[in-house]
Amino acid sequence: GGYVHRGFAEALDHVWDEIDSCLTVEVPPDCPILYTGHSLGGALAILAATRRRPDALYTFGAPRVGDVSFNHYLEGLPFHRVVNDCDVVAMVPTPGPLLWFKHGGQLHRLAPGRSQESTSPDGSALKTAFDAIRSVMSGVASGRWHEPSPPLANHAPINYVARLYQSRQEAISGSDVE
């Protein structure tokens with residue numbers, strides 16, 4: 001149901017039979033199933049959740065996958081979408097009046113100095129996406145392509161790990177407790 005990004009759907013089509021077979025044959029019936037992925041892996045995990053529902057879904061830096069109708073199929077599923085600050089991949093395809101891609105799930109934004117939770121996307125998502133893309137293009141145009149801008153650097157898995165570790169340490173020390 002709903003519309004999804006054709007490239008993501010085709011990528012999942014290439015591997016789905018093997019994944020479905022493993023889930024059917026190799027996973028004990030009482031074993032909880034969790035889907036997770038970073039970037040394209042997150043997009044594929046989201047799509048897979050509509051084909052064979054997991055017990056929970058966790059994505060890291062995943063792009064938008066489908067429209068509002070598509071996201072309705074994920075309602076009731078524990079779906080946690082982790083985004084590291086201004087990760088540019090989590091901002092594409094950009095939303096807008098003519099672009100129907102929407103994020104689903106509960107957003108957990110890892111911001112500098114503290115972890116923030118939100119149940120709705122940032123109201124300035126389109127501006128943030130354009131600013132991030134402009135920052136990336138500016139670096140490339142000035143010959144600094146080897147120095148990733150924050151929107152690109154924030155997408156690196158190691159930076160997700162570092163920010164999650166930092167958030168955990170802050171929570172343990174009590175500096176991030178509300």
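Q: Which residues make up the covered face of strand β1 (residues 34-38), and which the uncovered one?
A: In this predicted model, the covered face of β1 consists of Tyr 35 and Gly 37, while Leu 34, Thr 36 and His 38 lie on the uncovered face.

Q: Which element does the chain pass through on its way from β1 to β2, and what is the hand of the crossover?
A: The chain goes from β1 through α2 to β2, a β-α-β crossover that is right-handed. This name is used when, with the strands pointing away from the viewer, the path from the first strand over the helix to the second runs clockwise.

Q: Which residue of β3 stands opposite Phe 60, and how many bridges join β2 to β3?
A: Phe 60 stands opposite Val 82 in β3, and β2 and β3, which run parallel, are joined by four bridges. On to β4 there are five bridges from β3, again with the two strands running parallel, and here Arg 81 stands opposite Leu 107 in β4.

Q: Why can β3 be described as largely enclosed by the rest of the structure?
A: A residue is called buried when its relative accessible area is under 20%, and five of the six residues of β3 are buried, which is why the strand is described as largely enclosed. For the whole chain of 178 residues, the buried share is 37%.

Q: Why are α1 and α2 called roughly perpendicular?
A: The two helices pack at an angle of about 70°, with their axes 10 Å apart. Angles from 65 to 115 degrees count as roughly perpendicular, and therefore α1 is roughly perpendicular to α2. The residues that make this contact include Phe 8, Leu 12 and Trp 16 of α1 together with Leu 40, Leu 44 and Leu 47 of α2.

Q: Why is Ser 39 called buried, whereas Asp 85 is called partly exposed?
A: Ser 39 has a relative accessible area of 18%, and buried means under 20%, so the residue falls on the buried side of that limit. Asp 85 has 22% relative accessibility and therefore counts as partly exposed, the class between buried and the exposed residues, which are over 50%. Ser 39 is found in the loop between β1 and α2 and has a positive phi of about 60° although it is not a glycine. Asp 85 lies in the loop between β3 and β4, and its phi is also positive, near 50°, in a residue other than glycine.

Q: Why does Asp 20 count as partly exposed, and how many residues apart are Asp 20 and Arg 52 in sequence?
A: Asp 20, which lies in helix α1, has a relative accessibility of 26% and therefore counts as partly exposed. Asp 20 and Arg 52 are 32 residues apart in sequence, while in space the C-alpha to C-alpha distance is 7.9 Å.

Q: Where is the cis peptide bond?
A: The cis bond joins Val 92 and Pro 93, with omega of about -20°, and Pro 93 lies in the loop between β3 (79-84) and β4 (106-111).

Definitions and conventions:
Residues numbered from 1 in each chain as written. Predicted model: local features only at pLDDT ≥ 70, side-chain atom pairs only at ≥ 80, totals over all residues. Heavy atoms only, no water. Buried < 20%, exposed > 50% of the residue type's maximum accessible area, 1.4 Å probe, protein only. Axes fitted to C-alpha atoms, helices over the stretch in contact; angles between N-to-C directions. Parallel < 35°, antiparallel > 145°, perpendicular 65-115°, else oblique. Contact = heavy atoms within 4.5 Å. Pairing = 2+ DSSP bridges.
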